[in-house]
Amino acid sequence: MLHRLPYSLLWLLALPLVLLRLLWRARKQPAYLRHVRERFGSYGVRAPGPTIWVHAVSVGETRAAEPLLRALLARWPEHTIVLTHMTPTGRATSKALFADEARVLRVYLPYDLGFFVGRFLRHFHPAFGVIMETELWPNLLAVCQQRRIPVLLANARLSPRSASRYARFPSLTGLTLGALSAIGAQTAADAARLSGLGARRVSITGNIKFDMTPPEEAPALAHIFRTRCGTRPILLAASTRDGEETLLLNAFARLAPPELLLVIVPRHPQRFDEVGALVQSRGLKLQRRSDNAPVDRDTRVWLGDSMGEMFAYYTVADVALIGGSWLPLGGQNLIEACAVGTPVLVGPHTFNFEQVAQQAIEHGGAARLETLEQGVRNALELIADTDRRNEMSRAGLDFAAINRGATARTVDLLAEITA
């Protein structure tokens, strides 16, 4: 308790700033002002029976959690899953993924103060909890431990940079990790870093993202996309981040032939209009996915202003540039691209997914370039070289296939800690 006191005081002092930030973000995403009471542990929905709590902070964690959530629904058929988020986009993603599943409720996780998290746990009474990746909340985990609610940190990853930050607060970090019943780490390196910070019962379960399967509607949607785009070669820039689109468009405008169609799918939906304006400012003809219209032959850029359709975008692409990796932002997940056989190009900054990126490169399904200009040049070479492109496609498919199975191992670990 004494180690958490300064942390809790900081939370109390920061709460007005947190609320101001909520208002600030609502300028571009009004959804931030919906369900605000839930962020203080007050909820208008109740589960009809026993519950399992799963926390997936935003879009990436929610998509990664899908195989596990479906496995939990099958393994514990009497339970309702209370799926918590921190962002409206994460909440919208879960609604899209589980639109027809009445046993999945979605709410916001409250701010990490003892009173708020206590209200959350009293309201839903979870039998056990699962936190995706590395979203550690000291007060929440401490209260779970006091109430004897087992909590698993699943699909856990911890970069050297994040480990260094946690190491600055050894007592609080050790107590927080110690409050977890078990940890399922993605890799041996993640497991070693977590253990070095004081975690106990750490198992290597693998990366659940390899168990993701395309939605049932993805092949049909990909066919629609291909029909709209015609026979033109497609270069996909997936999950791009602020600053990367400028570099990409500069290189594309200078190097790409007119028949090549660039498809840009920004990571954050609130940036769709901003990216569209960037394209038009360079004199490149733009169309949007939301137009639901055929892509004209003189259109240079197709803006993927939609959510939950990444598998379809990857399926139609000849080559994919993975966003977040061309500036020091840590990179984005490349597993979905490999799973459908799309050759992958990443930049130098993949520290959030370092081992997966390096393994994909070593397996031959991906390549690393230093700049976006080099990435565009390499993509053009791949598009012109069918044999090399097909070789990378087969290697990516094989890489994705041999790494599956983390979901089953995670469910087995949950069964152990809840027995």
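1. E133 and K209 are both buried (buried is under 20% relative accessible area, exposed over 50%, partly exposed in between, with a 1.4 Å probe and protein chains only). The two form a salt bridge, with their closest N and O atoms 3.4 Å apart (a salt bridge is a side-chain nitrogen of Lys or Arg within 4 Å of a carboxyl oxygen of Asp or Glu). The pair links distant parts of the chain, 76 residues apart. E133 sits in the loop between β4 (126-132) and α5 (138-146), and K209 in the loop between β7 and α9 (218-229). Helices (H or I, at least four residues) and strands (E, at least two) are DSSP runs, numbered from the N terminus.

2. A word on the basis. This is a predicted model: local features need pLDDT of at least 70, side-chain atom pairs count only at pLDDT 80 or more, and totals for chains, interfaces and linings use all residues. Residues are numbered from 1 along each chain as its sequence is written, and side-chain values use heavy atoms, with hydrogens and water left out.

3. The whole structure holds 18 salt bridges. One of them joins R271 and E245, at 2.8 Å from N to O. R271 belongs to the loop between β9 (261-266) and α11 (272-281), E245 to helix α10 (residues 244-255); they are 26 residues apart. R271 and E245 are both buried. The pair is also part of a salt-bridge network that links D242, E245, R271 and E274.

4. Helix α10 takes part in another such contact. The side chains of R254 and E373 meet in a salt bridge of 2.3 Å, N to O. R254 lies in α10 and E373 in helix α15 (residues 372-384), so the pair ties together parts that are 119 residues apart in sequence. E373 counts as partly exposed because its relative accessibility is 30%.

5. Now strand β3 (residues 104-108). Five of its five residues are buried. V104, R106 and Y108 point one way, L105 and V107 the other. β3 pairs with strand β2 (residues 80-85) in the parallel sense, over five bridges (pairing requires at least two DSSP bridges between two strands). Y108 of β3 is the bridge partner of H85.

6. Two backbone angles deserve a look. Most residues other than glycine have a negative phi. H35 has a positive phi of about 60° although it is not a glycine. H35 lies in the loop between α1 (5-26) and β1 (51-55). R201 also has a positive phi, near 50°. R201 lies in the loop between α8 (188-196) and β7 (202-204). H35 counts as partly exposed because its relative accessibility is 41%; R201 counts as partly exposed because its value is 40%.

7. The second largest pocket has a volume of about 550 Å³. On a 1 Å grid over the protein atoms alone, a pocket is an open set of points with protein on both sides within 12 Å along at least five of seven lines; a cavity is a set where a 1.4 Å probe fits but cannot get out; lining residues have an atom within 4 Å of a point. Grid points are joined across faces, edges and corners, and a volume is the space filled by probe spheres set on the points. This pocket is lined by 24 residues, with E66, R70, L97, P215 and E217 nearest its centre. α2 (59-75), α3 and α12 (310-316) are the elements that give two or more residues. α2 gives the largest share, four residues. The lining divides into eleven nonpolar, three polar and ten charged residues (Ala, Val, Leu, Ile, Met, Phe, Trp, Tyr, Cys and Pro count as nonpolar, Asp, Glu, Lys and Arg as charged, and the others, Gly among them, as polar).

8. There are two cavities of 30 Å³ or more. The largest cavity holds about 140 Å³ of space. Its lining has 15 residues, and R63, V265, P266, R267 and M310 lie nearest its centre. α2, β9 and α12 each supply at least two of the lining residues.

9. The second largest cavity holds about 40 Å³. Its lining includes A237, T240, E244, L248 and W326. By class, the lining has six nonpolar, two polar and one charged.
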